[in-house]
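Take a look at the structure below.

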Amino acid sequence: MNFKRYVEASDTWVDSHYIKKTDTDTITTLPAIIYSLAQTATIGLKGNTVQSGTPSPDSPIMPQGTGERTGNLLDVDSWYRDYKQPDGTYQATRSQLYAIKIKPFTSDDIGKTFTFAMNIAPVSGNVRVIANNGGTVTNGNSAARSVVTFTVASVDDTIYFNYGSSGDTTTTISNIMLNFGSTAKTYEPYGYKIPISINNVVTDIYIGDNPLRKSLDGTAYDTLAADGTLTRRVDSDGSVLPTPIVTQVTMPTFTTTPGANTLDVLTTVPPSEVTATFNGWHPVSSAHERDNGAWT
Amino acid sequence: MADIFDAMMAATMMSGGAAGDSYTKAEADAKFAQKQDALNFAQLAAVNSGITSVDVAQITTNKNNISNQQDAIADGGNGYAIINSIRLYVNPPGIPPTGDIPDGSYGLF
């Protein structure tokens with residue numbers, strides 16, 4: 001037996017029996033309503049994979065996982081790994097002006113406009129981002145966030161930053177971003193993100209270089225726990241990894257309001273499962289009834 | 001003379017006396033119970049003879065009020081009932097009860 005209420009619009013009966021406590025709702029259909037009484041909730045995710053159409057040797061179709069590309073086109077770690085610090089920033093020290101140049105463009109990028117930006121500390125006259133497009137050098141501004149916009153002329157175009165302009169100064173750079181267009185967008189890490197919408201307020205979870213996947217045989221899932229533990233069990237081709245890869249990602253805070261909250265995941269491929277943990281009302285699937293002298 | 005007669009009759013009944021006038025203990029108990037019931041009924045009839053239909057309606061009203069009062073043990077009219085120390089909230093569909101609600105409360109909405 002259960003308490004159910006009738007929904008006239010859909011001509012269905014839905015569960016309406018809840019208990020108030022801190023617990024986890026497991027959600028497989030989105031968007032979903034969660035009934036929080038707290039100011040925050042934590043979210044966990046289980047990956048998914050969709051392969052649209054039938055692949056063939058001549059026209060392979062890559063399986064799509066759960067996650068959207070971020071707006072940052074530059075895999076910063078692959079270009080600046082030698083300068084990376086434990087806190088995630090990048091540092092360089094030099095006694096005279098020096099430039100770290102990178103050539104990240106392909107033939108597809110020719111004729112397109114990009115904006116390159118990074119945070120620089122301390123700010124100094126010649127410490128800035130610079131673009132060199134087909135021999136035309138464009139200096140960015142010398143400021144806490146140095147920005148330069150340019151149009152790619154060839155695959156040999158470079159973008160770089162100068163540092164070491166005044167003795168043995170250590171320059172710290174961070175939030176390095178390359179985006180399409182002539183406007184510097186708000187920084188976000190390179191890779192994939194999962195936008196979580198609660199009452200139409202979107203908060204992104206950045207999950208690194210790969211989306212969250214489900215194996216093509218349906219036996220394994222990438223999972224992201226509410227504490228940020230990311231366990232990858234599925235390879236990019238949909239096969240199960242021999243050994244799971246465990247990393248840690250930073251989980252944002254998800255804000256809820258007392259009452260009904262609409263939860264959604266704004267990815268093209270929806271996750272297999274969302275878990276939402278919060279203090280509030282949680283559905284009770286069944287209640288007991290007394291049947292022929294016994295409680296069942 | 002009457003006193004002597006009564007004494008003789010009592011003595012006859014105590015000793016078993018003539019058929020029709022004597023009773024076993026069980027028979028005496030049954031007769032006593034019958035008389036007691038008759039007396040109770042007479043007393044009840046006498047009491048009820050003063051109760052009107054208005055009084056009966058008032059009794060029903062009082063009963064309902066007491067029942068409602070039990071269900072309305074609530075904080076600020078929040079609309080919950082306390083049953084065996086568990087709060088049961090009943091709200092319109094899709095609108096969860098809010099406020100300072102203790103863990104373990106139940107809700108229907």
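Four strands of chain A form an open sheet in the order β10-β15-β12-β13, with antiparallel pairing. The model is predicted. Here are the points to follow.

- β10 (98-102) and β13 (136-139) of chain A stand at the edges.
- Each of these two has a single partner strand, so one side of each lacks a neighbour in the sheet.
- From one strand to the next, the twist averages 25°.
- Strand β12 (residues 129-133) of chain A pairs with β13(A) in the antiparallel sense, over 4 bridges.
- Within that pairing, A:I130 has A:N139 of β13(A) as its bridge partner.
- In a regular strand, side chains alternate between the two faces of the sheet.

**Strand β16 of chain A and its pairings**
- Strand β16 spans residues 169-180 of chain A, and strand β9 (residues 90-94) of chain A pairs with it over 5 bridges.
- This pairing is antiparallel.
- A:Y90 has A:I173 in β16(A) as its bridge partner.
- Strand β11 (residues 113-121) of chain A also pairs with β16(A), over 7 bridges in the antiparallel sense.

**A nonpolar patch on chain B**
- Which residues make the nonpolar surface patch of about 250 Å²? They are B:V47, B:I51 and B:V56.
- B:V56 belongs to helix α3 (residues 53-71) of chain B.
- B:V56 counts as partly exposed because its relative accessibility is 45%, and partly exposed lies between under 20% (buried) and over 50% (exposed).

How values were computed:
Residues numbered from 1 in each chain as written. Chains lettered and ligands numbered in written order. Predicted model: local features only at pLDDT ≥ 70, side-chain atom pairs only at ≥ 80, totals over all residues. Heavy atoms only, no water. Pairing = 2+ DSSP bridges. Axes fitted to C-alpha atoms, helices over the stretch in contact; angles between N-to-C directions. Patch = residues over 30% accessible without salt bridge, like charges linked within 9 Å, V, L, I, M, F, W, Y side chains within 5 Å. Areas by Shrake-Rupley, 256 points an atom, 1.4 Å probe, with all protein chains shown as cover. Salt bridge = Lys/Arg side-chain N within 4 Å of Asp/Glu carboxyl O. Buried < 20%, exposed > 50% of the residue type's maximum accessible area, 1.4 Å probe, protein only.
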